[in-house]
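Have a look at the chain below and turn it around a few times. We'll go through it piece by piece, starting with strands and ending with loops.

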Amino acid sequence: QVQLVESGGGSVQAGGSLRLSCAASGRTSRVDTMGWFRQNPGKERQFVSAINWKDETTSYADSVKGRFDISKDNAKNMVYLQMNMLKPEDTAVYYCSARTVRSGPPNYWGQGTQVTVSS
């Protein structure tokens with residue numbers, strides 16, 4: 001089992017920045033990829049960004065490229081999402097995710113943290 005706990009959400013005006021953190025614990029040696037998804041009420045959960053735990057390959061949704069940056073600290077089992085130039089459409093609950101297999105959807109999720117961007 002892998003446990004994930006997010007922090008760092010909040011409210012910010014458009015153009016501002018926030019940094020989300022995700023602390024991983026448990027059987028973290030099995031983690032292949034960690035990432036971030038977001039979801040609004042009544043909508044599907046959307047991919048935001050991911051990072052490979054070993055080779056640090058990153059990927060981003062087109063909607064956040066150039067504005068968001070994902071990073072990790074292996075020693076602390078932490079993943080971060082630096083969000084810059086935030087837009088009202090970035091408002092959502094952000095979920096940290098982990099995958100312990102080489103492909104497919106995440107199999108572990110955090111509890112989510114709210115990000116609200118006002119215009």
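In which sense do E5 and strand E6 pair, and over how many bridges? E5 and E6 (residues 58–60) pair in the antiparallel sense, over 3 bridges. Strands here are DSSP runs of at least two residues, labelled E and numbered from the N terminus, and two strands pair if DSSP finds at least two bridges between them.

Before going on, some ground rules: this is a predicted model, where local features need pLDDT of at least 70 and side-chain atom pairs count only at pLDDT 80 or more, while totals for chains, interfaces and linings use all residues. Residues are numbered from 1 along each chain as its sequence is written, and side-chain values use heavy atoms, with hydrogens and water left out.

Buried means under 20% relative accessible area, exposed means over 50%, and partly exposed is in between (1.4 Å probe, protein chains only).

On the E6 side, Ala 50 stands opposite Ser 59. E5 and E6 form a hairpin with 5 residues between them, and Glu 56 in the turn has a positive phi of about 65 degrees.

E5 also pairs with strand E4 (residues 33–39): 6 bridges join these two, and they run antiparallel. Here Arg 38 stands opposite Gln 46 in E5. E4 and E5 form a hairpin too, with 6 residues between them, and Gly 42 in the turn has a positive phi of about 80 degrees.

While we're on strands, here's a handy general point: in a regular strand the side chains alternate between the two faces of the sheet.

**A cluster of rings**

Now for the aromatic side chains. Rings of Phe, Tyr and Trp (its six-membered ring) pair if their centres lie within 6.5 Å; planes under 30 degrees apart count as stacked, over 60 as edge-to-face and the rest as tilted. The structure holds 2 aromatic pairs, and here they are:

| Pair | Centre to centre | Angle between planes | Type |
|---|---|---|---|
| Phe 37 and Phe 47 | 5.6 Å | 75 degrees | edge-to-face |
| Phe 37 and Trp 109 | 5.0 Å | 75 degrees | edge-to-face |

Phe 37 lies in strand E4 and Trp 109 in strand E10 (residues 108–109), so their pair ties together parts that are 72 residues apart in sequence. Phe 47 lies in strand E5, so its pair with Phe 37 ties together parts that are 10 residues apart in sequence. Put together, the ring pairs link Phe 37, Phe 47 and Trp 109 into a cluster.

How covered are these rings? Phe 37 is buried at 15% relative accessibility, Phe 47 is partly exposed at 33%, and Trp 109 is partly exposed at 35%.

A charge sits over a ring if NZ of Lys or CZ of Arg is within 6 Å of the ring centre and within 35 degrees of the ring normal. The charged end of Arg 19 likewise sits over the ring of Tyr 80, 4.0 Å from its centre.

**The disulfide**

How many disulfides does a search of the whole structure find? It finds 1 (a disulfide is a pair of cysteine sulfur atoms within 2.5 Å). Cys 22 and Cys 96 form the link, their sulfur atoms 2.0 Å apart. Cys 22 lies in strand E3 (residues 18–26) and Cys 96 in strand E9, so the pair ties together parts that are 74 residues apart in sequence. With -85 degrees about the S-S bond, the link is left-handed. Cys 22 is buried at 0% relative accessibility, and Cys 96 is buried at 0% as well.

**Arg 99**

Strand E9 (residues 92–99) also holds Arg 99. Is Arg 99 buried or exposed? Arg 99 is buried, with a relative accessible area of 17%. Leaving aside neighbours within four places in sequence, Arg 99 is in contact (heavy atoms within 4.5 Å) with several residues, including Arg 30, Asp 32 and Asn 107.

**Two loop residues**

Finally, Asn 77 is found in the loop between strand E7 (68–73) and strand E8 (78–83). Phi of Asn 77 is near 55 degrees, a positive value in a residue other than glycine. Met 85, in the loop between E8 and E9, has a positive phi of about 50 degrees although it is not a glycine.

Definitions and conventions. Helices (H or I, at least four residues) and strands (E, at least two) are DSSP runs, numbered from the N terminus.
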